[in-house]
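Q: I have a model open and would like to learn how to read some of its features. Can we take them one at a time?

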Amino acid sequence: MSAALPVTIIGGYLGSGKTTLINHLLRHANGVRLAVLINDFGELPIDAELIEGQEGNVISLSGGCICCSYGDDLSYALQQLLEQESLPDHIFIEASGVALPGAIGKSLSLLRAFKLEGIVVLADATSIETSSTAKYIGDTIARQLSDADLIVLNKLDLLSNLQLEAVRGWMEAHYTHSPWVDSVFSTIDPEVLFEMKRDINLHASASASASAVQCIKSDTTATSHHHEVASLFKSIRLDINKAIDADTLAAQLADKRCGLVRAKGFVLHADKSLKTIQVVGRRWSVTDAPDGVSTGLVCIATDGNLSEARVRAFCGLDKLGPA
Amino acid sequence: MTTIYSAKKIITMNPTRPTVSHVAVRDGRIVGAGSLTELAGFGDYTLDERFTDKVLMPGLVEGHCHTVEGKWWRYVYCGFHDRMDPHGKVWSGLASIDQVIERLMEQEVTLVDPAEPLTGWAIDPIYYSDRKITRQQLDRVSTTRPIGIMHASGHIMSVNSKALEMADYLRTGIEHEGVPLGDDGLPTGELKGPDVMRPVGQKAGFSDNMLEFDEPGLIDFARLCVRAGVTTATDLAAELSEATVDMGIRVTDADNFPVRIMSLRFHHGVTPNELIEHVKILREQSTDRFRLGKIKVVADGSIQGFSARMNWPGYFNGAPNGLWYIAPEQMLAIYEMALEFDIQVHTHTNGDEATDLVLETLEAALKKHPTNHHRFTIQHGQLINGAQYRRLAKLNMCVNHFANHHFYWGDEHYNLTVGPERAERMNACRTALDNGVPLAIHSDAPITPLSPLFTAWCAVNRITSSGRVQGEHEKITVDEALYAITLGAAYTLDLDREIGSIEAGKHADFAVLEDDPTAVAADKLKDVSVWGTVQAGRVFSASDI
């Protein structure tokens, strides 16, 4: 059986920016074959210039990406993906505005051809405080956010500084479990959500990530003069030249207090085997590493002051001593 | 040429002359109802006396069912209660899990291909002592072919080890509340919820689209209608792809197709704008026997699945509140556009919070597009309370209650889901009528059997399957129940100008009965036997359908 396909679920209530995020990811796929499953095609959620053709419920996009509408049968749409001529590199599932992304994740866990990498939930910063306690729908929105491994606090450009401070304080008070990233127009570093096309060798990845951040900067500059409120993403490379307990490390990297939103790479496990560590927000996994990789982790943070030394200190890596 | 039918009694639902002895029919429509002498005034006629010892009623109208029942009869019937199939065979109810296994074994030996799945439906383990059916029990039938049985509620499926294995579920380490595990850490074979059921169901012989009818299924469904005295039936939630619509129009157009089908477009999978645009197109394609152009919205889940949206204090057993299947903004967008373009919307609610949302949303939409002829209908509305009925009445809304639920799951509601007080006022037909809310009652076939007379019996007697009367106060009279399954249901479908009563100008649609439902004891209403139907003047006998 081939390796399970990585899946990221994108949740959030109506108008939180899910479609905009998907467009952003598709625009920055850079040769990575993304498959995007959306609830309905709606009012052309995909940029017209990306579309190459449509057949039934599948739209083909430039660069080998596809977009499928799944209506109310997600498992069937996932099955269809497996029957495609070539498999996608990464799958994004856009949950409907009232769906609980955690429940989708649970169902996904039943299908071994797929592996859930993370649940990303967007929150409209202009309304989240009121909408999460709103009549009828409040508990659904609150449950969506509780399901998140990583929250994208979106539309920050629409807030005054005072409001910005208030909503950040509110988030701190209410959503302590998962990290969040600040965003404008659903823009975040694509590397946070999927792996850039590159050699399995990690050195190439740092530069890929840097260019991705660069393109975000140019995007936000073009579309908004409030780009300073959006997160700037910083890549940190972590080399650990000693065998460690991979599970412990992965859990530490996924701890909100560590300050990371994403980590991916390979470590030498205590039993001397090579392991892949995968972290999206608070969710982490450790699996056997593929052949031919060398150790090293790329971590992404939104705090510009976060240094390799601080991550090492939080994870207790300094205590390991020299290799 | 006019045909005048004589009958022992004709119940017309026309208050001017509630019962008559003759009805005159020409070109599929009713010329008049009265005495032979009166009707002779219309001119030449042929007297048809085949119904002289029968009782005629307006053709029964099933306002909430799914034509897919015809397709499900190709699976093995595993229900607890006796049920008649499209060909008139009565499948005896199965009193124990052993009897279920026995029936499956009987069917298993008829399958030639060793890989062919064995597919069953309508099992309801709440009636069995251990309340569960396991994969090990189904393995007694076969360990080599996949077996899947859909539960009566439609929310749970039981499968054998082979089906689990084929879907790659037969392993340890599964963590999902919809997949209970046994002591061995492996799934027990019980699967709860559509997301969990689908991947295994496909291996066990269930088609991809459980709700979409196919051609032989539609024809078999029509046979069930004739047996139940039904001349107009809904197909309450369909995607209505172009191919399905073409097929539906073609199949129902056949001279011997005995029932008028009204198929409603389901809101899922498309945006409100796309939905409205699709329904506008569908409306133009509508034919006499395949009616299109209405919308079905689903607001929440089910009460017994604990997915209905409940107001405080919520579920009796403390389960968390259920799920929304539509966002309030989308519901508002659909309602506003539907009112603007004169499209009728039927909305499924089960929990009382979902009903509140519908009421609030329609009130807002009506402010934008005021009309008093919209006939928006709440489907199920099982927990509607007094205040909500008063608001329904004010908004000119209709309700179609799931009366059969009392009999099949009333005890579950009493003991587990909503508790005694609210269970006694579930599907509160009396309060609906007392508040002037137009009322229909339904079976939701294939969830419960298609039989409006049985549904009427449920609403009149409110007896649960354990034999208790649940909610004496909410009983309605036989006359009210018979109205609900004819003119009442026709009203909710905006068809009362055409059908629902036997009076001049309407379609010649009759239910032909062996007994008089108004003369038998109220608790025998379900036992009134159906000879067949007349639909648009065409006679269909159940015995040779």
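Q: In which loop of chain B does B:Pro313 lie?
A: This is a predicted model. B:Pro313 sits in the loop between β16 and α10 of chain B.

Q: What is the form of the peptide bond from B:Trp312 to B:Pro313, cis or trans?
A: Most peptide bonds are trans. The bond from B:Trp312 to B:Pro313 is cis, and its omega is near 10°. A cis bond also joins B:Ala445 and B:Pro446, with omega about 10°. B:Pro446 belongs to the loop between β20 (439–441) and α16 (452–461) of chain B.

Q: How do I read the packing of helix α10 of chain B against helix α11 of chain B?
A: Start with the angle and the distance between the axes. Helix α10 (residues 328–340) and helix α11 (residues 352–368), both of chain B, pack at about 45° with their axes 9 Å apart. The angle makes α10(B) oblique to α11(B), and their crossing is right-handed.

Q: Which residues make the contact of α10(B) with α11(B)?
A: From α10(B) come B:Pro328, B:Met331, B:Leu332, B:Tyr335, B:Glu336 and B:Leu339. They meet B:Leu357, B:Thr361, B:Leu362, B:Ala364, B:Ala365, B:Leu366 and B:Lys368 of α11(B). By class, the residues of this contact are 10 nonpolar, one polar and two charged.

Q: Which residues of α10(B) are buried, and what covers them?
A: The buried residues in α10(B) are B:Pro328, B:Gln330, B:Met331, B:Ile334, B:Tyr335, B:Glu336, B:Met337, B:Ala338 and B:Leu339. Their cover includes α9 (272–285), β16 (290–298), β17 (345–349) and α11 of chain B.

Q: Where does chain B have a positive phi in a residue other than glycine?
A: Most residues other than glycine have a negative phi. Among the exceptions here is B:Arg375, with phi near 55°, in the loop between α11 and β18 (377–380) of chain B. Another is B:Asn396, with phi about 60°, in the loop between α12 (386–394) and β19 (398–401) of chain B. Just after α10(B), B:Asp342 also takes a positive phi, about 55°.

Q: Why do B:Arg375 and B:Asn396 count as partly exposed?
A: The class follows from a count of C-beta neighbours; a residue is buried at 20 or more within 10 Å and exposed at 12 or fewer. B:Arg375 has 19 inside 10 Å, so it counts as partly exposed. B:Asn396 has 17 inside 10 Å and therefore counts as partly exposed.

Q: What does B:Arg425 touch, and where does it lie?
A: B:Arg425 is in the loop between α14 (419–424) and α15 (429–434) of chain B. Not counting residues up to four places away in sequence, B:Arg425 touches B:Asn385, B:Gly471 and B:Glu474. With 19 C-beta neighbours inside 10 Å, B:Arg425 counts as partly exposed.

Terms used: Residues numbered from 1 in each chain as written. Chains lettered and ligands numbered in written order. Predicted model: local features only at pLDDT ≥ 70, side-chain atom pairs only at ≥ 80, totals over all residues. Axes fitted to C-alpha atoms, helices over the stretch in contact; angles between N-to-C directions. Helix = DSSP H or I, 4+ residues; strand = E, 2+ residues; numbered from the N terminus. Parallel < 35°, antiparallel > 145°, perpendicular 65-115°, else oblique. Left-handed = near helix turned anticlockwise from the far one by under 90°. Contact = placed C-beta atoms within 7 Å. Nonpolar A, V, L, I, M, F, W, Y, C, P; charged D, E, K, R; others polar.
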